[in-house]
Amino acid sequence: SGCQWDVEFSVNCSFTGISTIPEDISQRAITADFSYNNIKTFMCTDGRSEEWMLKHLDLSNNLISELSLTTCRNVPLLETLNLDGNAIHTLALDVPTPALGSRTYGKVHRLLPALKVLSVERNNLNRVPRGLGLLQSLQTVRLSSNGIGQIDPSDFQNCSQLKDIRLQNNKITEIHPDAFRDLNKLQVVVDLRENALATPLPQLLISLNFFRLEAGLSNTAW
């Protein structure tokens with residue numbers, strides 16, 4: 001496949017021209033770099049039932065347009081997922097609710113339980129991906145340079161561990177006053193530069209519970 005493997009359980013497949021994840025990648029890999037290739041689709045399971053040891057996955061600068069993370073049950077240790085520089089317009093995180101009477105009804109499925117950093121910058125998202133609250137360990141979410149138009153009250157609902165949100169260079173005109181209300185651990189940045197905000201900043205600040213906020217608001221509409 002042209003990938004390079006080293007003794008630190010790291011595999012580097014960047015700039016190799018691959019269009020799919022090579023089948024010979026070992027489940028022992030802790031870090032995998034598939035950046036700068038021609039990958040159009042990615043399935044976490046990929047037909048393999050064995051659990052991976054993967055902690056860091058880089059799929060940046062590929063050709064991915066749609067991605068579902070609901071099948072990612074074989075990477076329970078994954079901590080960082082880099083999807084920057086693709087063409088993603090749909091990122092599915094919601095786990096379908098099992099039908100009443102089914103064997104899985106009433107069971108709770110934890111999606112990527114160790115994921116701390118999700119980066120989806122420079123893509124084609126027009127809304128914050130639904131279901132971020134299912135990522136119970138998520139601390140950083142980077143969504144800059146997309147086409148997101150507004151922030152709804154449910155967008156970051158149940159994201160109790162979030163510390164850092166990057167939203168600069170979008171098309172945001174409105175942020176619901178309760179959008180960040182329950183993010184008690186948010187302490188680093190809510191970066192809103194390069195947007196078209198019409199929501200008055202005082203109203204937004206009044207609804208925030210966290211101690212420290214750094215909001216970059218240059219080049220907004222007001």
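Start with phenylalanine 156: leaving out residues up to four places away in sequence, it touches Val128, Leu132, Val141, Ile151, Leu162, Ile165, Ala179, Phe180 and Leu183 (contact means heavy atoms within 4.5 Å). This is a predicted model, where local features need pLDDT of at least 70 and side-chain atom pairs pLDDT 80 or more, while totals for chains, interfaces and linings use all residues. Residues are numbered from 1 along each chain as its sequence is written, and side-chain values use heavy atoms, without hydrogens and water.

Phe156 also belongs to the largest nonpolar core, which has 53 residues; along with Phe34, Leu59, Leu118 and Leu132, it touches the most other members. Such a core is a set of buried Ala, Val, Leu, Ile, Met, Phe, Trp, Tyr and Cys residues joined through side-chain atoms within 4.5 Å. Buried means under 20% relative accessible area, exposed over 50%, and partly exposed in between (1.4 Å probe, protein chains only).

Threonine 70 counts as buried too, because its relative accessibility is 15%.

Now for the rings. The structure has three aromatic pairs (ring centres of Phe, Tyr or Trp, the latter by its six-membered ring, within 6.5 Å; planes under 30 degrees apart are stacked, over 60 edge-to-face, the rest tilted). One of them, phenylalanine 15 with tyrosine 36, is stacked, at 4.6 Å centre to centre and 10 degrees between the planes. How open are these two? Phenylalanine 15 is exposed, at 62% relative accessible area, and tyrosine 36 is partly exposed, at 42%.
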